[in-house]
Amino acid sequence: MQCPYCAHPDTRVIDSRLGDGGECVRRRRECAACAERFSTFEQTVLSMPQVIKFDGRREKFDESKLRRGIDRALEKRPVSGETVEGAIKRVMRRFTCAGEREVPAAAIGEAVMRELSELDGVAYLRFASVYRRFQDVDAFNTEVERLRGAQLSRPNKVQLSIFGGAKV
């Protein structure tokens, strides 16, 4: 590794540690020529599969589109940035680890909805209403009832009731 201070080609690793929950390796290095120290991060680079759009076109997976959709659904919701990053990583990991060369856009949308349903019900409904193209209030109501049933079936999910302080 070349030194960023003096461009000397020889550096040595002083310390290595796992970072980002084990997803990368942080290495502390020292230059053999100028003795300056710096850190490098090493992580696995996996390629995302091609996305098969609804009209049959294929395009390169675009993380910014995934991030934009999730961010838009979670806009003004009480969900931390760290939690959002975790959701994005889980969606991407699901498709890189599957080993498929192509994945339907519908599968990505369903994975995003699964993540959002765990994070925030309102964000899930926002995303689902656009993704599933709800045509009327009945379609929206059906999804609300389905979400309500799913949340009640999760015993370890503690949530305050909208009506007072009772837990559901």
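What is the order of the open sheet of 3 strands with antiparallel pairing? The order is β1-β2-β3. This is a predicted model.

## Overall make-up

The protein has 5 helices and 6 strands. Starting at the N terminus, the elements follow the pattern β-β-β-β-β-α-α-β-α-α-α.

The protein counts 168 residues, and 30% of them are buried. Take the contacts with a separation of 6 or more: 40% of them link residues 24 or more positions apart.

## The antiparallel sheet

The sheet β1-β2-β3 is open, and its pairing is antiparallel. Its edges are β1 (11-19) and β3 (37-43), and each pairs on one side only. From one strand to the next, the twist averages 25°.

Strand β2 covers residues 24-31. β2 and β3 are joined by 7 bridges and run antiparallel. In this pairing, C24 faces Q43 in β3.

## The mixed sheet

A second open sheet is also built from 3 strands, in the order β5-β4-β6. Its pairing is mixed. β5 (58-59) and β6 (102-104) are the edge strands, each with a single partner, so one side of each has no neighbour in the sheet.

Strand β4 spans residues 50-52. β4 and β5 run antiparallel, and 2 bridges join them. Here I52 lies opposite R58 in β5.

## M48 and its surroundings

M48 sits in the loop between β3 and β4. Which residues does M48 contact, leaving aside its neighbours within four places in sequence? They are F61, M92, F95 and T96.

M48 and R101 are 53 residues apart along the chain. Their C-alpha atoms are separated by 7.8 Å.

## Helices α1 and α4

Helix α1 comprises residues 63-73, and helix α4 comprises residues 121-131. Their axes come within 8 Å. The crossing angle is roughly 125°. Angles of 65 to 115 degrees count as roughly perpendicular and those over 145 as roughly antiparallel; α1 and α4 are therefore oblique to each other.

Which residues of α1 and α4 meet? From α1 come G69, R72 and A73. From α4 come A123, R126 and F127. Sorted by class, this contact of α1 with α4 holds 3 nonpolar, 1 polar and 2 charged residues.

## Cysteines

How many disulfides does the structure hold? The count is 0. A disulfide is a covalent bond between the sulfur atoms of two cysteines.

C34 is in no disulfide. The nearest cysteine sulfur belongs to C31 and lies 3.7 Å away. A disulfide requires a pair of cysteine sulfur atoms within 2.5 Å, and the C31 sulfur is 3.7 Å from that of C34.

Is C34 buried or partly exposed? C34 is partly exposed, with a relative accessible area of 32%. C97 is exposed, and its relative accessible area is 55%.

Terms used: Residues are numbered from 1 along each chain as its sequence is written. This is a predicted model: local features need pLDDT of at least 70, side-chain atom pairs count only at pLDDT 80 or more; totals for chains, interfaces and linings use all residues. Side-chain values use heavy atoms; hydrogens and water are left out. Two strands pair if DSSP finds at least two bridges between them. Helices (H or I, at least four residues) and strands (E, at least two) are DSSP runs, numbered from the N terminus. Axes are lines fitted to C-alpha atoms, for helices over the stretch in contact, and angles run from 0 to 180 degrees between N-to-C directions. Buried means under 20% relative accessible area, exposed over 50%, partly exposed in between (1.4 Å probe, protein chains only). Angles under 35 degrees count as roughly parallel, over 145 as roughly antiparallel, 65 to 115 as roughly perpendicular and the rest as oblique. Contact means heavy atoms within 4.5 Å. Ala, Val, Leu, Ile, Met, Phe, Trp, Tyr, Cys and Pro count as nonpolar, Asp, Glu, Lys and Arg as charged, and the others, Gly among them, as polar.
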